[in-house]
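Me: I have a protein model open and want to learn how to read it. Can we go through it feature by feature?

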Amino acid sequence: MTEPESQEIVLKGLGVAPGICIGKAYLVDKEGVNVVKKYTVAESEIQKEENRFKAAVGKARQELRVIIQETPKELRQHIAILETHIVLLQDKMLYGRTIDTIHRFRYNAEWALKNVVDELKAMFQNMSEPYFRERGADIGHVSDRIMRNLVGVEAVNIKDIDKRVILVARDLSPAETSQIQLERIKGLVTDGGGIASHTGIIARTLDIPAVLGLNNASQIIKNDDFIVVDGQAGLLIIHPTEQTLMEYEERSIRYERHKALIARESRMPAKTVDGVAIQVMGNIELPEEVVAVRDHGGNGIGLYRTEFQYMGRRGFPTEDELFDKYRDVVEVMSPRPVTIRTLDINGDKALPNQPATDEANPVLGLRAIRYCLKKPEIFKTQLRAILRAALYGNVRIMFPMISSCEEVRQAKALLKEAADALAAEGTEFEYNVDVGIMIEVPSAVTIADMLAPEVDFFSIGTNDLIQYALAIDRSNRYVSHMYQPLHPAIIRMIRTVVDVGHQKGIKVFMCGEMAGDPIYLPVLLGLGLDELSMNAQSIPLVKNAIRKLSLKESRAFMYRVFKEKMESHVEAMLKSAYAGVLFDLDFEEDVAV
């Protein structure tokens with residue numbers, strides 16, 4: 001009697017790295033670290049317990065050093081995150097608090113570590129930016145390694161996989177993803193993670209398909225199950241039928257052919273069919289990512305997130321440390337522009353060397369420019385480093401989360417103070433740099449006409465602007481479907497900012513996720529944006545799509561869009577008007593979910 005055929009299962013997650021792969025699943029087993037025993041130790045045994053914890057930390061440090069040494073050359077640019085993990089191992093928030101908990105409550109090391117990590121994870125989880133929530137995940141990855149050493153569980157060794165597979169896991173740590181061998185791993189599937197997660201970044205770096213945020217895929221999939229990963233549509237198909245397999249094999253061929261074509265053309269200018277050039281820039285958070293932007297045909301850096309240099313360390317970075325990182329990026333991109341966003345961080349909560357403060361709603365709390373204005377010495381250290389780095393290329397400074405003219409003037413005053421101090425010291429620097437602001441708070445849209453005379457450019461941060469304008473927490477799975485870039489309110493806000501900027505003689509850019517999705521290009525071109533910035537891997541695709549569009553037709557299309565009251569109607573109009581131009585790779589349309 002033959003075994004009945006398994007039923008096809010389709011799961012929807014986050015497509016964080018485009019492409020299609022078909023193959024057998026390989027489950028990364030991490031059982032054994034979630035069940036933690038709790039007991040108290042005798043007073044005479046407390047030092048022994050502390051030593052046991054220190055030994056586990058020491059072993060974790062050595063393991064990470066070995067992984068760094070063995071990291072494949074394709075991933076060498078990402079070892080900074082592993083070096084950060086080594087620093088985190090002895091950060092006072094994790095290391096110091098755990099030892100303190102052992103002594104204060106006489107807890108065993110495992111339970112003390114769990115208590116401290118649970119508090120830290122909750123703290124990071126309250127932050128609005130996915131970037132910072134993912135940095136909370138770093139705490140979890142580091143503590144998992146220590147915990148495994150405490151309880152005697154062997155670490156996962158991805159480098160030992162000896163067959164072509166698709167990795168499936170609840171989550172993957174930077175140490176695990178750094179062991180990925182391109183010739184063995186076809187794609188990645190995880191229950192957790194997101195666009196800003198290290199797994200997502202690695203997948204895009206290696207150019208392998210990845211679908212994350214699937215919640216329970218690792219519980220449904222068994223080892224050697226046949227699966228399909230569609231990183232474009234964010235789909236995972238388990239036990240695909242013969243018909244599905246045939247469709248996806250054909251799509252995979254089409255996708256690879258298309259990818260090869262646009263890669264060859266990535267150096268060509270992004271010029272519309274009616275001859276208008278659009279600047280396509282790259283977003284980076286690590287200095288090492290600048291090479292990928294350049295190699296993918298980016299016209300510069302539209303957003304350099306500088307927070308990473310402040311994370312996972314015992315103290316604030318020095319001016320020279322920041323200067324060295326900024327100069328590296330500026331020199332690689334010169335003479336193309338590098339837009340350095342000043343520190344956008346969730347106040348003291350995001351800085352391990354600072355005492356935590358209680359904020360009922362950190363999303364609307366002491367963060368970004370508010371934090372910098374409250375901590376002027378920290379801010380001026382960064383501004384000095386930026387001004388010094390500006391000597392080596394084309395630098396633009398951008399202040400985040402601006403909500404008033406007063407904030408802009410205060411920030412510019414501190415910039416002048418930093419410049420005056422450098423001049424007094426005889427230190428070389430460049431003061432003649434463009435200064436702009438991010439438009440990501442609804443109040444900034446409303447007073448754009450007042451803000452424009454204060455700055456050289458606007459850059460619209462759609463991630464936060466959409467979230468704040470629609471009162472949507474995009475990390476909340478119950479309402480994340482309401483996060484709609486094509487909502488009429490968002491389109492009107494973008495139009496207002498662009499129109500005001502151009503009337504006042506300044507350029508208007510966009511650096512949010514909306515800028516990197518070709519589906520929105522007719523809208524963005526029609527609205528008149530001067531520059532779009534995105535992750536490096538999206539640059540060739542967006543440039544290719546721009547070359548297929550007419551600016552004149554996009555503007556005419558927007559007259560129809562402005563009359564629509566529902567985002568679903570706008571999306572339908574886009575698909576109708578641009579079928580075969582922007583939607584030839586929209587695989588989701590061809591799959592019955």
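The dialogue below takes up confidence, a helix, the core and some ring pairs.

Me: What is the average pLDDT of the chain?
Reply: pLDDT is the predictor's confidence in each residue, from 0 to 100. The chain averages 87, and 88% of the residues score at least 70. This is a predicted model: local features need pLDDT of at least 70, side-chain atom pairs count only at pLDDT 80 or more, and totals for chains, interfaces and linings use all residues. Residues are numbered from 1 along each chain as its sequence is written, and side-chain values use heavy atoms, with hydrogens and water left out.

Me: Where does pLDDT stay under 50?
Reply: Where pLDDT is low, the predicted coordinates should not be read in detail. Here that concerns residues 585-593, where pLDDT stays under 50.

Me: How many residues does helix H1 have, and what should they span?
Reply: Helices are DSSP runs (H or I, at least four residues), numbered from the N terminus. The expected span is 1.5 Å times one less than the number of residues. H1, residues 46-70, has 25 residues and should span 36 Å; its end C-alpha atoms are 37 Å apart, which agrees.

Me: Which residues of H1 are buried?
Reply: Buried means under 20% relative accessible area, exposed over 50%, partly exposed in between (1.4 Å probe, protein chains only). In H1 the buried residues include Phe 53, Ala 56, Val 57 and Leu 64.

Me: Which residues have the most contacts inside the largest nonpolar core?
Reply: A nonpolar core is a set of buried Ala, Val, Leu, Ile, Met, Phe, Trp, Tyr and Cys residues joined through side-chain atoms within 4.5 Å. The largest has 139 residues; Phe 53, Ile 146, Phe 399, Leu 451 and Phe 458 have the most contacts inside it. Helix H4 (residues 109-125) gives the most to this core, with nine residues. Apart from it lies another core, of 18 residues, among them Val 165 and Ile 185.

Me: How many aromatic pairs are there?
Reply: Rings of Phe, Tyr and Trp (its six-membered ring) pair if their centres lie within 6.5 Å; planes under 30 degrees apart count as stacked, over 60 as edge-to-face, the rest as tilted. A search of the whole structure finds seven pairs. Phe 105 and Tyr 107 have ring centres 5.3 Å apart and planes at 20 degrees, so they are stacked. Phe 105 is partly exposed, at 43%. Tyr 107 is buried, at 15%.

Me: And what about Phe 557 and Tyr 578?
Reply: Their pair is edge-to-face: 5.5 Å centre to centre, 85 degrees between the planes. Both residues are buried.

Conventions. Helix = DSSP H or I, 4+ residues; strand = E, 2+ residues; numbered from the N terminus. Contact = heavy atoms within 4.5 Å.
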